[in-house]
Each structure stands twice: as C-alpha cells, then as structure tokens.
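Here is a short report for someone meeting this structure for the first time. It starts at the surface and then turns to the strands.

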Amino acid sequence: MRRYEDLGNSRFIIHKGQTDILYDSRHRIIKTRASDGAVLELLQERRPDGSYANLFLRVNRNEPVIFER
C-alpha cells in the first residue's frame, strides 16, 4: 500500500512497504531495508531533462560491506 506524506515547501515522502522515497525540488532519496537487515539509502539529483543522476549510496549495517561486479 502506498502512502503520501506532505512535508511542505514542495517536499513530500512516498511510503511503500519497506521503501521510503523523499522528494524535493532537486533531489530524491530512496531508503529501503535489504533482506539481510541492512538499510540502503540512495541520493539522486534531478537533471534538467527530468532524469536523475546518482550522487551517493550509503549502506548501514553492522558488518563491512563488499561491492562486487
């Protein structure tokens, strides 16, 4: 189920299951919980064409995180 929360000043949050997406005029932050309990946060900046560019990924967990290709 999707729920909207208006924060004022053109900011709002969409809550959907384990995921929250915060929007403002230039950014969105996607925050979700992975199956192992880690919290993942992705910060994106809106481009002039309306697409989003990834700026920063943060992983919160109790153990070191290893990224592989």
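The protein chain exposes about 5,800 Å². Carbon and sulfur atoms supply 49% of that area. The model is a predicted one. Of the 69 residues in the protein chain, 16% are buried.

Charge comes next. The protein chain carries 13 positive and 10 negative charges. Their mean positions lie 3 Å apart.

The overall figures for the chain are these:

| Property of the protein chain | Value |
|---|---|
| Buried residues | 16% of 69 residues |
| Box filled by the C-alpha atoms, along the principal axes | roughly 35 × 30 × 15 Å |
| Distance between the mean positions of positive and negative charges | 3 Å |

Now the fold. The protein chain has 6 strands and 0 helices. Along the sequence, the pattern reads β-β-β-β-β-β. Contacts can also be sorted by separation in the sequence. Among those with a separation of 6 or more, 5% link residues 24 or more positions apart.

Strand β5 covers residues 39–46, and strand β6 covers residues 52–60. The two run antiparallel, joined by 8 bridges. Gln44 stands opposite Asn54 in β6. Together β5 and β6 form a hairpin, with 5 residues between them. Gly50 sits in the turn and has a positive phi of about 95 degrees.

Notes:
Residues numbered from 1 in each chain as written. Predicted model: local features only at pLDDT ≥ 70, side-chain atom pairs only at ≥ 80, totals over all residues. Heavy atoms only, no water. Pairing = 2+ DSSP bridges. Helix = DSSP H or I, 4+ residues; strand = E, 2+ residues; numbered from the N terminus. Buried < 20%, exposed > 50% of the residue type's maximum accessible area, 1.4 Å probe, protein only. Contact = heavy atoms within 4.5 Å. Areas by Shrake-Rupley, 256 points an atom, 1.4 Å probe, with all protein chains shown as cover. Lys, Arg positive; Asp, Glu negative; His and termini not counted. Charge placed at Lys NZ, Arg CZ, Asp CG, Glu CD.
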